[in-house]
Amino acid sequence: MGFISDSLNRIQPSATIAISNKAMQLKAEGRDVIGLAAGEPDFDTPDNIKEAAIKAIRSGKTKYTPVDGIPELKKAICDKFKRENGLEYKPSQVSVGTGGKQVLFNALMATVNPGDEVIVPAPYWVSYPDIVMLAGGTPVFVEGKLENGFKLQASDLEKAITPKTKWLILNSPSNPSGAAYSRAELKALTDVLVKHPNVWVLSDDMYEHLVYDDFEFTTPAQVEPKLYDRTLTMNGVSKSYCMTGWRIGYGAGPEQLIKAMAKLQSQSTSNPSSIAQWAAVEALNGPQDFIASNNEVFKERRDLVVSMLNQASGLSCPTPEGAFYVYPSCLGCIGKTAPTGNVIRNDEDFVTELLASEGVAAVHGAAFGMSPFFRISYATATEVLEDACKRIQRFCGNLR
């Protein structure tokens, strides 16, 4: 009988974190490495948010808080949902966790039983299927094809639903592809879901504010009110507010689900950092103008990276609607030989050889459930991105 639990053996470590750690290790060893694996804005947390945290410390707000969030933050979240999404929630319908990942984890661990199926559109964020499997459920992968902008189609969703389906996880804008669903595209999906009352919707809106080219963001419970009572709408302050290290995520949904999530959290981490919660209150209630300014820079970076990658031999890079990732195809590089003499058989080989030859760290598409692609984060300095893309161009040009 093994020492490690069977449930833990069902999952793998996060591929994105592993590659980011490898890049940092190589840098520490003196290698010239550009890390494009981490999904983290390079902009600093705005000063008003920092000051709110400092004020919280100085005023002694450093004690335990309610397990799933202080009342002031829950109110700010309710106000945010009403103001930005037209969704009415009470504080008792809100859960605050240590990052968005904990909110997702709590929801799935609190609801998924062995045999339950969770529909996970591919490409997907690396943690979705592993959390489902840790809970004892079965992830059901439905591919969002390149020709459909990596988006789940209503007909494919209909085919994937069975009597065992408990959740659909929907992430828009998407990590890793940056694809975002328009209101019409969401309506086609929600029309299917209305016909299947056993299926709940977990809407991961973490990149809500990071959209470009006049794209209008909407979320499933907003598009189809009939789904309100079986939707968990999840978000956080990490990406839009440049607060990845503060670790505050939140979700809103039916009280029964929120209570179950709080019960689980009470026996795991208890409350998120009191100081980070007060910072998040200021993030949601304070000035929002910096988001548009940051987005202008992100859009310029997106356009630069898409253009330069499309000039690389063997690569094809679609233009995403949101987030700060691109998800190019490396199909034209498969079967070629790298400068090391190794044959590139798949996208994992591609990113491995790219790191070895040019010192650019990216994440292979197989980690997100769809090959042959790879993910690059453009949430880093423009001159660094330009250097990285030149290296990628050179690497692809040297393949034989």
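Contact here means heavy atoms within 4.5 Å. By that rule, F350 touches L315, C330, C333, I344, F374, F395 and C396, leaving out residues up to four places away in sequence. Bear in mind that this is a predicted model, where local features need pLDDT of at least 70, side-chain atom pairs count only at pLDDT 80 or more, and totals for chains, interfaces and linings use all residues. Residues are numbered from 1 along each chain as its sequence is written, and side-chain values use heavy atoms, with hydrogens and water left out.

**Nonpolar cores**

- A nonpolar core is a set of buried Ala, Val, Leu, Ile, Met, Phe, Trp, Tyr and Cys residues joined through side-chain atoms within 4.5 Å; buried means under 20% relative accessible area, exposed over 50%, and partly exposed in between (1.4 Å probe, protein chains only).
- The largest nonpolar core has 77 residues, and L202, L232, L309, L315 and F350 touch the most other members.
- Helix α14 (residues 382–397) supplies the largest share of this core, six residues; helices (H or I, at least four residues) and strands (E, at least two) are DSSP runs, numbered from the N terminus.
- Apart from that core lies another one, of 29 residues, including I77, L87, A252 and A280.
- As background, nonpolar side chains in soluble globular proteins tend to be buried together.

**The largest pocket**

- On a 1 Å grid over the protein atoms alone, a pocket is an open set of points with protein on both sides within 12 Å along at least five of seven lines, a cavity is a set where a 1.4 Å probe fits but cannot get out, and lining residues have an atom within 4 Å of a point.
- The largest pocket comes to about 950 Å³, with grid points joined across faces, edges and corners and the volume taken as the space filled by probe spheres set on the points.
- It is lined by 44 residues, and the closest to its centre are A38, G39, E40, K239 and T244.
- Helix α2 gives the most to this lining, with eight residues.
- The lining splits into 20 nonpolar, 16 polar and eight charged residues, where Ala, Val, Leu, Ile, Met, Phe, Trp, Tyr, Cys and Pro count as nonpolar, Asp, Glu, Lys and Arg as charged, and the others, Gly among them, as polar.

**Cavities**

- Searching the whole structure turns up two cavities of 30 Å³ or more.
- The largest cavity is about 140 Å³, and of its 19 lining residues P121, P123, N171, S174 and Y181 are the closest to the centre.
- Strands β3 (117–122) and β5 (165–171) are the elements that give two or more residues to that lining.
- The second largest cavity is about 40 Å³, and its lining includes K80, E84, H209 and Y250.
- By class, this second lining has three nonpolar, four polar and three charged residues.

**Helix α4**

- α4 (71–85) is one of the elements that give two or more residues to the lining of the second largest cavity.
- The 15 residues of α4 should span 21 Å at 1.5 Å a residue, and the end C-alpha atoms are 20 Å apart, which agrees; the expected span is 1.5 Å times one less than the number of residues.
- Its buried residues are L73, K74, A76, I77, C78, K80, F81 and N85.
- Their cover includes β2 (94–97), α9 (220–223), β7, β8 (249–252) and α11 (274–285).
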